[in-house]
Amino acid sequence: MKVPSQPSGSGAEPDGLEDRLRRFVTIWSRAIFPVTATSMTRAEFEQRLLPLARELRAALHDRSFDTGAAHRAGAALVGVHCTDPDALSRTLGVIDAYLVLYCGEEGASAGAAATGRSTASFTATVTGGTAMEELRARCARLQHAMAAGFAQALRERTRLEQEAIARSALNARSAAEVALHTTESRFRAVFDGAAIGIGIADLDGNILEINETLTRMFGGLEQHVRSRNVSEWAHPEDGPHVWKLYGELVRGERDHYRVEKPYYRGDGTVLWTNLTVSLLRDAEGVPQYQLALMEDTTERRLLNLRLRYEATHDALTGLPNRTLFFERLEKALASSDGGRFGLCYLDLDGFKAINDSLGHSTGDRLLVEVADRLQSCATAPGEMVARLGGDEFVALTTGRNTEREVVELANRILTALATPVRIDGRELTVRGSIGVVEGPAGERTPAEVLRSADITMYRAKSAGGNRFEFADAEADARAITRHGLTTALPAALERGEFFIEYQPLVHLGDGSVHGAEALVRWCHPQHGVLGPDRFIPLAENTGLIVPLGRWVLQEAVRQARFWQARHSDGGPLRINVNLSPTQLHHPRLVADTVDVLERSGLEPGALCLEVTESALIGADDDLLKPLRQLAEMGVDIALDDFGTGYSNLANLRRLPVSVLKLDRSFTQGMQQHPADPVDLKIVEGIVSLAHSLELAVTVEGVETGAQAQQLRELGCDTAQGWYYARPGAPDRIHSLLLADAV
């Protein structure tokens with residue numbers, strides 16, 4: 001169908017949204033007026049199209065996008081007698097070519113007015129980001145809705161015509177005794193001039209008469225149609241109910257039925273119809289003939305098939321998309337014949353880096369190549385590959401022996417990805433992580449299977465990638481618990497579910513309490529008290545560690561100030577608070593710390609911030625700057641878990657630390673008797689180095705008196721561990737009896 005070209009003129013283009021809209025309506029009317037059976041002039045016809053165009057423009061720009069306007073517009077075309085099949089295709093062509101052009105960005109104000117919204121909010125909706133792609137996508141959906149509205153209205157009009165024809169036929173039969181000639185004339189006029197196909201056959205199926213419309217539907221050869229018996233028109237796609245209904249009708253058990261039925265034309269092509277068959281009886285009610293009314297739905301069916309394909313297949317790769325995959329998976333899991341299934345959930349390793357460095361165009365070409373390779377891996381019966389989105393793909397296999405088949409499928413996928421992909425002269429290495437779920441059908445829902453596969457895939461990725469892992473129920477449960485904790489973290493902080501326990505820092509020289517380390521805990525409503533190892537990594541990943549860390553600092557400093565006020569005769573002299581790597585990079589670290597100290601009235605020298613050694617490996621001056629500022633204020637900086645980060649000992653000179661906290665791994669060998677001499681030498685060397693740099697040494701994990709004695713002899717300054725006290729409530733610190741510590 002050729003769409004009329006854009007109108008041109010010698011003058012300047014008309015200004016104003018209404019002028020642009022009227023130009024669009026002019027193009028539209030030029031396209032469909034020649035194929036419209038109407039007594040209106042073209043100017044009058046354009047006035048009928050103008051409100052429809054306004055609704056389309058409003059729908060194109062409406063924030064809450066709704067295709068109802070397009071559906072109504074399609075129905076309105078039928079209402080003004082635009083029922084020629086070419087009218088719909090021309091209309092869709094005009095909308096596709098000109099709606100966005102004439103009613104695009106400049107139509108935002110008009111769209112806002114039509115929907116009752118402010119122009120600013122409306123424009124923000126349609127002009128941000130990829131606005132033109134969004135408008136094109138909306139335009140496509142409006143076309144689909146208009147086609148649906150057109151088809152529905154045409155079908156309703158046809159139905160009304162069918163009913164009118166049927167009534168006319170019945171009236172003609174009833175009035176035959178009174179005015180046979182008049183009835184025959186009227187019936188003939190309806191029969192010959194109807195827009196739908198009409199045929200009459202006897203009860204044996206012999207075709208007696210057909211109209212011109214039906215002849216054209218079957219290819220234009222009347223003799224070819226008349227020579228056939230109804231029973232010869234069976235088609236492989238006929239449902240079993242079609243011929244059952246036909247048998248009931250010719251036996252007089254029913255008066256009519258309606259089905260969708262395909263027929264073969266003389267040239268072998270398929271004609272799809274909405275078929276209505278009615279039984280004609282004589283005056284005594286005895287069945288005599290069958291009357292068939294046929295509406296040609298071939299074009300509409302092809303359109304629906306195309307729309308169905310687009311809705312169930314990925315536009316980039318051509319693979320089935322998430323929608324179609326879930327349909328297949330749901331069908332496989334609903335099987336009750338003892339079948340099994342196997343699913344491979346694939347995520348490409350490092351794909352984001354390719355997208356970011358080489359561009360999305362290269363990334364798309366890589367995805368197409370990967371899709372082709374995956375399709376070649378799943379060619380056996382019962383196997384399929386789909387793209388869920390981004391760089392995530394799934395492969396499904398069904399049958400009786402999926403335990404072996406899914407492993408073979410996963411290996412084929414990894415082997416297919418092993419060969420580098422060459423794009424624009426570059427060889428790109430493709431790797432993938434696969435989560436495998438296999439089991440009997442009927443035990444899990446599609447959502448549960450896909451969730452398990454997704455969790456397992458990330459487990460394979462965490463193990464280094466380029467491999468597959470089998471789903472494990474316990475691992476899934478742990479992952480689900482982690483996700484639940486992650487989502488509950490923000491609300492937990494607001495509800496005050498976190499609390500702090502304190503573990504004393506003991507001076508090894510005299511056994512006195514030198515300070516206390518603040519250790520945060522989570523009192524979870526379902527899981528009970530959780531240690532920091534259960535939720536601190538989750539808080540790091542979500543960014544909640546910053547507000548959580550600030551709260552811990554506030555509470556710990558407030559508690560230290562309370563101890564000083566209540567127990568000036570020997571309470572904890574210093575409070576130690578842990579800093580996470582994320583907090584180190586936060587721009588308000590120094591300001592927040594100063595604010596907390598000033599509000600509480602605690603001296604900076606009473607606060608020690610602990611930073612893990614691994615967080616400072618390779619730290620540049622920008623990262624060390626806030627720590628130096630805090631150290632210059634008098635805040636102690638402790639290097640926590642020293643000895644686990646493989647850092648260069650020479651770096652200690654440039655770090656603004658005043659305390660080394662030895663990791664418990666160095667002192668575990670001291671729990672046995674005799675103590676491990678290697679551990680003794682290592683600790684002795686570290687203590688000597690630290691003291692030479694004027695750094696104090698704290699040892700973690702002291703659990704026996706022998707350990708405490710040896711560490712005292714090696715020159716360590718302070719220690720903490722279960723030998724002295726476990727972490728506990730703040731009121732236990734001052735009452736701690738340390739007679740055995742000396």
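I began with S29, which lies in helix α1, residues 17–32. The model is a predicted one. Is S29 buried or exposed? I found S29 buried, because its relative accessible area is 0%, and the cut-off for buried is under 20%. I then listed what S29 touches, leaving out residues up to four places away in sequence: P34, R42, F45, E46 and L49.

Next I looked up strand β8, residues 392–399.

Which way do β6 and β8 run? I found them antiparallel, with eight bridges joining β8 to β6, residues 340–349. In this pairing I saw L343 opposite L396 of β8.

I turned to strand β7, residues 383–389, which is joined to β8 by six bridges. These two strands also run antiparallel. I recorded F393 in β8 as the bridge partner of R387. β7 and β8 form a hairpin with two residues between the strands. There I checked G390, which takes a positive phi near 60 degrees.

Last, I turned to the cysteines. How many disulfides does a search of the whole structure find? I got zero. I logged C716 as buried, because its relative accessibility is 6% and the limit is under 20%. C523 has a relative accessible area of 41%, so I logged C523 as partly exposed, the class between 20% and 50%.

Note on methods
Residues are numbered from 1 along each chain as its sequence is written. This is a predicted model: local features need pLDDT of at least 70, side-chain atom pairs count only at pLDDT 80 or more; totals for chains, interfaces and linings use all residues. Side-chain values use heavy atoms; hydrogens and water are left out. Buried means under 20% relative accessible area, exposed over 50%, partly exposed in between (1.4 Å probe, protein chains only). Helices (H or I, at least four residues) and strands (E, at least two) are DSSP runs, numbered from the N terminus. Two strands pair if DSSP finds at least two bridges between them. A disulfide is a pair of cysteine sulfur atoms within 2.5 Å. Contact means heavy atoms within 4.5 Å.
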